[in-house]
Amino acid sequence: TIKKAYNVPTIDDILKLMNKFLGTTSLTEFLSDVFKCGAIAVSNRFDKTKCAEREEEYKRTINKYNKSDRELIADIFANIYVLLSHQLDVGFDDYLGKIYMLSNTSNSKTGQFFTPYAISKLCADVGMDDKEVKKHIENDSIITMHEPTVGSGGMVLATADTLYNKYHFNISRNLFVECGDIDIRCIYMAYLQLSLAGIPAAIYHRDGLSLETWDVWKTPPYLMQYTRFKKYENIVIKKG
């Protein structure tokens with residue numbers, strides 16, 4: 001199978017690595033830092049406007065850990081990177097959302113439960129307009145999507161899944177996503193998943209009700225085609 005040929009890690013493989021963590025911080029903080037350091041590592045290769053600030057945050061974060069824990073963070077992220085960058089081969093899924101929930105690090109006390117991917121996929125399938133999608137394919141034009149409470153990105157991934165696998169839609173050229181969340185951990189997860197799936201997106205760390213915004217994470221596919229997508233950035237605020 002493709003999965004065996006590429007030796008793609010599984011969620012279970014990543015959870016087993018996480019169980020090796022014996023440091024002084026909580027597992028919740030450790031996993032959040034894995035996502036943060038991974039997101040910064042990807043961002044700093046492309047978003048030079050944010051590079052210096054994010055590099056300092058990376059250093060502050062990674063310096064909390066000893067050598068063996070830093071190596072574990074690198075090992076876990078390497079596995080995450082391989083898994084997420086092979087979604088076109090092994091199938092789309094909310095991999096980080098599942099890791100987050102299965103590791104018992106989610107914020108259950110405040111009712112933070114991510115939508116199961118099967119339900120997100122059903123919503124994407126049912127909500128898709130065949131004629132509109134085909135029109136965008138014929139015109140080589142851009143479909144825009146807005147997700148104000150993105151979580152780990154499951155609904156966006158499900159939409160990309162349907163577009164790519166049902167319609168053979170070019171999700172890296174003709175899909176633009178604006179999304180956000182108030183939880184910074186969700187920003188890191190969504191950024192990693194959308195970046196490595198090849199989805200152009202602007203991911204806002206913001207309050208979805210007041211629209212107070214603290215930061216924006218732009219995926220590599222967006223930055224690499226900036227002139228194509230720039231007019232769609234911050235479409236919610238532009239629409240008032």
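Predicted model: local features only at pLDDT ≥ 70, side-chain atom pairs only at ≥ 80, totals over all residues.
Local features need pLDDT of at least 70, side-chain atom pairs count only at pLDDT 80 or more, and totals for chains, interfaces and linings use all residues. Residues are numbered from 1 along each chain as its sequence is written, and side-chain values use heavy atoms, with hydrogens and water left out.

Strand S2 spans residues 175-181. Helices (H or I, at least four residues) and strands (E, at least two) are DSSP runs, numbered from the N terminus. Seven of the seven residues of S2 are buried, so the strand is largely enclosed by the rest of the structure. Buried means under 20% relative accessible area, exposed over 50%, and partly exposed in between (1.4 Å probe, protein chains only). In a regular strand, side chains alternate between the two faces of the sheet. Both faces of S2 are covered. Leu175, Val177, Cys179 and Asp181 lie on one side, and Phe176, Glu178 and Gly180 on the other.

S2 has a parallel partner in strand S1 (residues 143-147), with five bridges. Two strands pair if DSSP finds at least two bridges between them. Ile143 stands opposite Leu175. From S1 the chain passes through helix H10 (residues 154-167) to S2, in a right-handed β-α-β crossover. Right-handed means that, with the strands pointing away from the viewer, the path from the first strand over the helix to the second runs clockwise. S2 also pairs with strand S3 (residues 201-206), again in the parallel sense over five bridges. Here Val177 has Ala201 as its bridge partner.

The whole structure holds 13 aromatic pairs. Rings of Phe, Tyr and Trp (its six-membered ring) pair if their centres lie within 6.5 Å; planes under 30 degrees apart count as stacked, over 60 as edge-to-face and the rest as tilted. Tyr100 and Phe114 are stacked, at 5.3 Å centre to centre and 25° between the planes. Tyr100 belongs to helix H7 (residues 95-102), while Phe114 lies in the loop between H7 and helix H8 (117-127). Tyr100 is buried at 2% relative accessible area, and Phe114 at 16%. Phe176 and Phe229 also stack, with centres 5.6 Å apart and planes at 20°. Phe176 is in S2 and Phe229 in helix H13 (residues 226-229), so the pair ties together parts 53 residues apart in sequence. Phe176 has a relative accessible area of 1%, and Phe229 has 0%. Ring pairs link Phe176, Tyr222, Tyr226, Phe229 and Tyr232 into a cluster.
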